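Work through the exercises below with the sequence and the model in view. Each task is followed by a solution in steps.

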Amino acid sequence: MQTFARWSLCFFSYCFIGWIWETLYVFVCTGHWENRGLLFGPLLPIYGIGALVILYVTTPVKTNPWMIFLLGMLGASAVEYIGGSLLEIVFHTRYWDYTGTFLNVHGHISLLSSIVWGVFSIFLVKWIHPELNQHIGTLPKKAGLALACILLVVFCVDFMFSSAYTIANS
């Protein structure tokens with residue numbers, strides 16, 4: 001399968017997994033259902049971007065768990081800080097806020113969240129991504145490319161409508 005299709009399907013898979021994680025986390029903490037994030041649909045792009053950044057920065061060290069932890073932690077924290085800052089600047093909203101937690105930076109990242117991203121990076125690089133990548137690799141090339149293109153179009157439409165709605169209501 002072409003690189004574009006494979007990485008697009010990985011991106012959308014991680015966006016969806018992130019949405020499930022956030023939705024379940026909020027449900028456990030609050031007892032009520034909440035669609036987390038900017039989009040109307042079940043995707044959280046920051047998780048997709050974060051996962052791809054982690055995979056990219058850890059490629060040279062993927063056999064060393066300590067380096068995966070360190071580089072994954074730094075990469076994911078950078079994505080979380082930049083993403084949180086952009087959401088606040090563009091949409092005047094915060095989808096997460098670590099203000100008041102130990103060693104936070106502008107409420108966008110904190111020491112604890114960064115450590116959690118480092119641990120997650122090890123799971124991602126060692127177990128989650130190899131399994132997902134293997135399953136994606138079983139798709140016929142044309143079907144994988146078609147699915148990636150369809151998801152990209154749906155994602156772009158959702159992003160446009162969700163962004164317009166958020167800006168209009170901020």
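**Exercise 1: The whole chain**

Task: In this predicted model, find what share of the contacts with a separation of 6 or more joins residues 24 or more positions apart.

Solution: Of the contacts in the protein chain with a separation of 6 or more, 68% are between residues 24 or more positions apart.

Task: Describe the make-up and extent of the protein chain.

Solution: Begin with the elements: the protein chain has 5 helices and 0 strands, in the order α-α-α-α-α along the sequence. Next, its radius of gyration is 17 Å, close to the 15 Å given by the globule rule for 170 residues, so the chain is as compact as a globular protein of that length. The C-alpha trace spans about 45 × 40 × 30 Å along its principal axes. Finally, 39% of the 170 residues are buried.

**Exercise 2: Helix 2 and helix 4**

Task: Determine how helix 2 and helix 4 are oriented to each other.

Solution: Helix 2 (residues 45-58) packs against helix 4 (residues 111-137) at an angle of about 80 degrees, and their axes are 10 Å apart. Angles of 65 to 115 degrees count as roughly perpendicular, and the two helices are therefore roughly perpendicular to each other. The residues of this contact comprise 8 nonpolar, 3 polar and no charged.

**Exercise 3: Helix 1 and helix 5**

Task: Determine how helix 1 and helix 5 are oriented to each other.

Solution: Helix 1 (residues 3-30) and helix 5 (residues 141-168) pack at about 50 degrees, with axes 9 Å apart. Helix 1 and helix 5 are therefore oblique to each other. Their crossing is left-handed. Among the contact residues are Phe 4 and Phe 12 of helix 1 and Leu 145 and Phe 155 of helix 5.

Technical notes. Residues numbered from 1 in each chain as written. Predicted model: local features only at pLDDT ≥ 70, side-chain atom pairs only at ≥ 80, totals over all residues. Heavy atoms only, no water. Axes fitted to C-alpha atoms, helices over the stretch in contact; angles between N-to-C directions. Helix = DSSP H or I, 4+ residues; strand = E, 2+ residues; numbered from the N terminus. Parallel < 35°, antiparallel > 145°, perpendicular 65-115°, else oblique. Nonpolar A, V, L, I, M, F, W, Y, C, P; charged D, E, K, R; others polar. Left-handed = near helix turned anticlockwise from the far one by under 90°. Contact = heavy atoms within 4.5 Å. Rg over C-alpha atoms; globule rule 2.2 N^0.38 Å. Buried < 20%, exposed > 50% of the residue type's maximum accessible area, 1.4 Å probe, protein only.
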